[in-house]
Amino acid sequence: MAKAVRASAEQKLEENNRRWGMVIDLDRCTGCQACVVACHAENNVPVVGEHEATRGHSMHWIRIERYWEGEYPNVKARFMPVLCQHCGEAPCEPVCPVFATYHTPEGLNAQVYNRCIGTRFCGAACPYKVRAFNWFRPDFPEPLDQQLNPDVSVRQRGIIEKCSFCVQRIRRVELDAAASGREVEDGEVQPACVQSCPPSALIFGDLNDPESEASQFSRSRRAFRLLDFLGTDPAVVYLKGGETNV
Amino acid sequence: MDQDRNRKVRTLILWPFLIIAILLIVVVAIFLSRQIATAAPVQPIAFKHKVHAEAEVSCLFCHPNAPRSDIAGIPSVARCVGCHQTIAADNSDVKLVLDYWERNEPIPWQSVNNMPDFVFFSHQPHLGAGVSCETCHGNVGEMVVAKPDVSMDMGWCLDCHLDQPMENVARLTDCLACHK
Amino acid sequence: MVGKEISRRTFFKVAAGAAAASGLSPQVRRIALEPFVRPPEEELPGRATWFASTCRQCPAGCGIIVRVINGRARKIEGNPNHPLNRGKLCARGQSGLQVLYNPDRLHNAVRQSGGRGSRIFSPIPWDEALNELSATLQSLRDPQALAVLAGQPSDHLYTILASFLEGVGAPPAVIFDLHSALDGRADYASMSSRWFGERQLPIYDLAHAQVVFSFGANLLETWMSPVAQSAAYGQMRQGSLGGRGVFVQFEPRLSATGASADEWIPIPPGSEGIIALALGRIIVEENLGRAGKHNGHAHLYRNVSVADAAQASGFSVEELRRLAHLFAEADRPLAIPGGQLTGHTNSAQAMDAVMALNVIMRRLGRSGGVFMPQPVPAERFTSPAPTSNLDEVLDLVERMRSGDVEIFMFHGANPIYELPAWVGFKEALEEVPLVISFNPFVDETAVQADLILPDHTYLEGWGYQVVSPSIDRPVVSGQQPVTQPLHDTRSTVDILLSLANRLGGTVARDLPWNDEVGFLEESSAQLHDNSISIYDARTPAGFWSLWRQHGGWWSKREIKREPEAVGMPKEAMTVPAATFQGDEATYPFHLMPYSSLTLSDGRGANQPWLQETPDPMTTARWNTWIEINPESARSLAVRDNDMVNVTSAFGSLQAAVVVYPGIRPDTVAIPIGQGHSDYGRFAAMRGANVMDLLTPSPEDQNGKFTFGATRVRIEKIGQMKPLARLEDLDGEGRESIR
Amino acid sequence: MSDHEPMAGDSVLPERQSELSQEYRERLLLAQRTDAEINAAVLQPMMETGPKFWITVAILVAIILWGLYAWGYMIYWGMGTAGINNPVYWGLFIATFIFWVGISHAGTMISAVLRIFKADWRRPITRGAEAMTAFALLMAGLYPFIHLGRVWKFYWMLPYPNNRFMWPNFQSPLMWDMVAIFTYLIGSSLYLYLALIPDLAMARDHSVGWRYKLYRTFALGWRGTEGEWHKLHRALNIFSVIIIPVFLSVHSIVAWDFAVTIQPRWHSSILAPYFIMGAVYSGLAALATILVIVRKSMRLQEFLRREHFDALGKLVMVAGLGWIYFWFAGFIVEWYGNDPVIRELIHDEITGKLAPLFWLQMTANVLPVIFLTFHKIRTNLKWLLGLTLLINVGMYTERVLIVVGNLQRNYLPFDWGTYKPTWVEISIVAMTFAGFILLYTLFSRIVPYVPVWEIKEGRLRYSLRRIGRLLVPTAAEID
């Protein structure tokens, strides 16, 4: 019975819904890693140490990829921040046997940490490789644990975690807006990475709202999506870096 | 042959007993775990909700943050003393409170209702939606020492969330509504 | 305030104990809730309170707001109202919580009871420590025997310290930290005074520039004010003006800044000035640009030969001409000297040569050009902490070595780590009878101290800082405790004030304040009723409270001054060839130490977030590496992750190889920041300190810190050390292969 | 066969028989045995366990205990103690899982398929094959648990009613996997057990002590009435038909675990038949290996004869050819498809980092096929043992390549990875190998390894009949 109620209610909600998305202007990005640390701080992402980082066990939710082009002296390096793309057609979602990862009505690719049993199937299925697995118990030697954000759970060993578009911030803004009886404004929700980005390369907003800043940028002719040919329909839109015009 | 049959008969009788015993253990275990989950913790001072409720002190007088914050809030020592400097100041429990005040020490109250780390819960939207305190905390006014009224598990949360107006159900049953 | 509530700071007695964060499994556990005895008015349990303060992770002085829940700081963000960083913050700034909550902090004042270097500390009560200190100070025969070294002190500390030292008759404090030294702040101040007649650092209007030539300044990483410069860079790229600015970086190694540039010009180390002169010569000679005639500047370039410059730098004359045209024909060109350029023997002349480009293009005081900051209109804020030249440091070392120093105190500096090994600081320190550290951590220098009187970390302490280099307006960034001190530490300013009180006499008269906050309140009052203030209050007390809410003071509108090139050279400019230590045959490579984006000068090494954050170019973490051009690597027969011995005329170290396509074949680069022997569990015994390699050059005695003037040789030692890279080497740095 | 040892009560055959082919003579050996002799020949090695046996068991138990320790260590400290990492989320565990599922396939293949086709030579080897299926599946079934990050929450994959309205996701191939493996395990166990009942009854009648009690319990009161036989035959016939689609589904689903993702090279429709073919290939090879060893150690030379190994060798060869065909069919399409990632992978396999593994896989899988075309090699047990072992080395390598090799490469070269197993994985993998061998060894000592009743049935097929004065070798159809 409950299921039937849910299904029709979901339909109703689908009609005029937000789709949270991010625009990343590669022309502005300087590869400064501010977003990486901001994410670690906001989301209680553990630090694994040198030994484990060498073994491929590090756990960044956002990483700056650096590409080399050409050879010395005509060498060029470019940066590209890669985080969970919150795909509309997410390859990770159908393969999870316990619904630990699923799509929310607001277009987030959600990860419910305490539902995850750690099959890592989603990680293997993800073409962007943005899912981080808790290879060990997280270690926050006292008093570093006092920094932990109480709005985000501390994940156990053996589960997958990943960028949530700082869902705790979205939720907080939505609750506050509801409490004061107003709509969420464009730009009010800022994930930690967007908030910190010194050159303002990251823009966050509702892609379904044609007026939002993110949505306007996503229609730029510089816009492209990462691995678009896979048909994953990412909610992260990149804006191509400018060409050297000298 | 006869012996064989006897033995068979005996095992046939034994089996149901064994199954019943196992079932019994499971039921008792479930019951006990519920009991533990809803047991009242030992408090540093035997605070009597009943007495205060009978004195017409409203919930929000001592837990004033419930309508505006995640946490309802435990009253500060200052708030206790505000009344008890004059009221019932000779009561032995109240004296304990005043002792804490004198020593400028917080009272180490034990939390009665706990949410696990992976749950996001805020009082504010619940009170905003008109849920009364008693709905979840039971009739605290009748309790001498506060204890959990129900085992707050996910099914219990869902029972109520599913019972909401249709247009809200999808939002309220989204995993991320409560999980963080 | 953009949806955030920045509330007044009040001390509160006891913080509410938060539920210990634990695993995900639900379990029956009891959590003690400790309510406030007296609730602070702004505290709403469970909701965040934001406190405005100032970041002290580098000398820039960005405004921060700190999210505090239940009395504990949880997150640092940029202060959205602060004119310098406008809500943005870099990786190091975000990581400040790990300074506050560092597990290796000192919990109280300690005496190194096992003798220096023993690392055996026994706690001493503060009163005892202060009594001892004042007794020793009183018994000091010659006040000149007191020496103080401060690294990046906040301006209030500097003011108090300066008065204190003056009052007791001691020589002024030496102000030195490696980060500022690598920025070339001291060089910059002298350049400013040469050209503009004042020691303030000039401001570059990067946001509105059309073509930016940066000569060695890694302005998007650590140099000067990286957050403000990054924000301006973003605007330059995709700004409101519509046009996309062009950014050209001149440096021997492609830094992350260079990677963001449109063009990287791999110039030989130390040739920045020569190239700048050549560009100027071409501009003047060909009368390029729309800025008017260059006749008035012709004399500057009289002695410049473009052909010689082309030969010295290895670029063709055509290439130089192309660059000169690109620069001069833009509407708003801008040339910035700094960073790596200041590490060479010819840095002063090179800076002049670059600044001359701005002058001849008439970029002074124009949009997208060079400005001078408006001083803060109050006397207390007009003399911010200077940066000492290296000769002052060497002088101090000399005094220590010759036994002239009886008490050596240091604050915020870690000279044994930060100074090149050739300076011999550690050996000199052994000659000092009493060494006192005010650092909250047991770093390399503190290990050689007798007493450690730990200051608060910056998130627990008070202060202010005049932002320098400034932004479009005068800014005093305020610092206040966002949480009560975690441990039994004590503010160094309070210690100085109470010492002054005990000593009596002039020093007590000069420092009449009861405590740090009293001093700050009085300082803020100097700005009260100022007409350009962003806020106004009826009383000084109200003003002080607004000060804390805003996180400092700044002007409500832009005020920038057009610099006057009063010191325009009358003679022809020349830039001598940079000299290097170690002969080319034995030491075939230029060594280029660079400040790490995450660890900066090594002070970030005790913060696990920064250690774990990949270097943007190599994506390596947690260790020291040496970047070698692929061609040189082939000739040395080394590959990625091979360990090599790097030897200079002065010393040697070991590092893992990173084959780096973006570096000149004659240059190798090593990041600064690792190689700590102490400084906590996250920093100690990791990698090598490149400062051990630097070879002294004659110019060092003149006060120049020639960190780029060392030559090294490289030998394979046949071991491997896989670096903790984020990138997979098999990927060969390609983007998606499609 | 050279190592033929005479059985107790060997009788001398008529001289004329020397004119018969060796193969036929071997067949006739059994025809001449009485029921009692056959019973004894099967039961005796089962009940006699020498010190060698116990030493083997002790070693195996030690390996298993060590593996359990490694597993516990991994559960306690986290999956990171194993070599799996980002992006190689799956490593040896999943590769070994596929390997075991593959091994389990030959049992059904031999037993059910050959039963349906009434291939008579299957008789002595069906039980060994079915047991292999069951035990290999048991080992495979461990891996989904071993590989779980939070194994203590495994029950969330079970669809049980709960007050949270939470159900497993039946879209996930892992759920199909679980269902298929459990079905196959139950089916193949029942199949094994059904065919075992008459022999358990036989053993019951010839044993005392704990064995008697054990056999009596599990023989379910079998008396061998005609009605019972009739039902047994019907049940077996039904089972052999039903189990074939199940066996096909299991490995297809294992393949779909990979094929439903959009990882380059996994995402391919040939993966399922390729996996099945590989499974049959490795399973048959494993069966041949096991039979050679068991024949020697349990002195079953008279039951497991040259003709069986010859036939099995042919099957292995055919399966090998099939594997090569499917591998090539996949490869050629990938090669011409020229997808950049796959191009990268193929390059890596042929000349790059993965070359040693790849060439090991190709040699170990292709070479035996060539050798097995020769009758002499097929019937030479030493050669056969070596070749079939080699095949399984090759097939194991193939699984490692599919899982690890492909995860190391993806669309974003920045995020490629390398994988090196640690002692934890190796110990756990060794544990399952030891567990399989131990279970199999114990099994062979507890139940009659050779299906006696089937042999007795088959014995009727070949005999010497006296026609006039001649002793004529005859063969008959048996249903």
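Which residue in β19(C) is the bridge partner of C:Val466? In the predicted model described here, that partner is C:Val476, and the bridge belongs to an antiparallel pairing in which β18(C) and strand β19 (residues 475–479) of chain C are joined over four bridges. The residues of strand β18 (residues 463–466) of chain C point to opposite sides, with C:Gly463 and C:Gln465 directed one way and C:Tyr464 and C:Val466 the other, and all of these residues are buried.

A further antiparallel arrangement in chain C is an open sheet of three strands, which follow one another in the order β2-β3-β4. The edges of this sheet are formed by β2 (49–54) and β4 (72–78) of chain C, each of which pairs on one side only, and the twist from one strand to the next averages 30 degrees. Between β2(C) and strand β3 (residues 63–69) of chain C, the antiparallel pairing extends over six bridges, and C:Phe51 has C:Val66 in β3(C) as its bridge partner. In general terms, strands of a sheet pair through backbone hydrogen bonds, in either a parallel or an antiparallel manner.

Taken as a whole, chain C contains 21 helices and 27 strands. Its radius of gyration is 26 Å, close to the 27 Å that the globule rule gives for 738 residues, and chain C is therefore as compact as a globular protein of that length. Along the principal axes, the C-alpha atoms of chain C fill a box of roughly 75 × 65 × 65 Å. Of the 738 residues in chain C, 63% are buried, and among the contacts in this chain between residues at least 6 apart in sequence, 73% join residues at least 24 apart.

Chain C is divided into four parts, namely domain 1 (1–101 + 475–487), domain 2 (110–179 + 387–455 + 490–526), domain 3 (185–373) and domain 4 (589–728). The centres of domain 2 of chain C and domain 3 of chain C, taken over C-alpha atoms, are separated by 39 Å, and the contact between these two domains involves four residues of domain 2 and four residues of domain 3. On the side of domain 2 of chain C that touches domain 3 of chain C, there are four polar residues, with no nonpolar and no charged residues.

C:Ala633 lies in helix α21 (residues 630–636) of chain C and counts as buried because 22 C-beta neighbours are found inside 10 Å. When its neighbours within four places in sequence are left aside, C:Ala633 is in contact with C:Ile628, C:Val638, C:Arg639, C:Val657 and C:Val659. The C-alpha atoms of C:Ala633 and C:Tyr660 are 9.0 Å apart in space, while the two residues are 27 residues apart in sequence.

Between chains, 59 residues of chain A are in contact with 67 residues of chain C. By class, the residues on the side of chain A that touches chain C comprise 30 nonpolar, 17 polar and 12 charged.

Notes: Residues are numbered from 1 along each chain as its sequence is written. Chains are lettered from A and ligands numbered from 1 in the order in which they are written. This is a predicted model: local features need pLDDT of at least 70, side-chain atom pairs count only at pLDDT 80 or more; totals for chains, interfaces and linings use all residues. Helices (H or I, at least four residues) and strands (E, at least two) are DSSP runs, numbered from the N terminus. A residue is buried if 20 or more other C-beta atoms lie within 10 Å of its own, exposed if 12 or fewer, and partly exposed in between; C-beta atoms are placed from the backbone. Two residues are in contact if their C-beta atoms, placed from the backbone, lie within 7 Å. Domain bounds come from an automatic or database domain assignment. Ala, Val, Leu, Ile, Met, Phe, Trp, Tyr, Cys and Pro count as nonpolar, Asp, Glu, Lys and Arg as charged, and the others, Gly among them, as polar. Two strands pair if DSSP finds at least two bridges between them. Axes are lines fitted to C-alpha atoms, for helices over the stretch in contact, and angles run from 0 to 180 degrees between N-to-C directions. The radius of gyration is taken over C-alpha atoms; the globule rule is 2.2 Å times the number of residues to the power 0.38.
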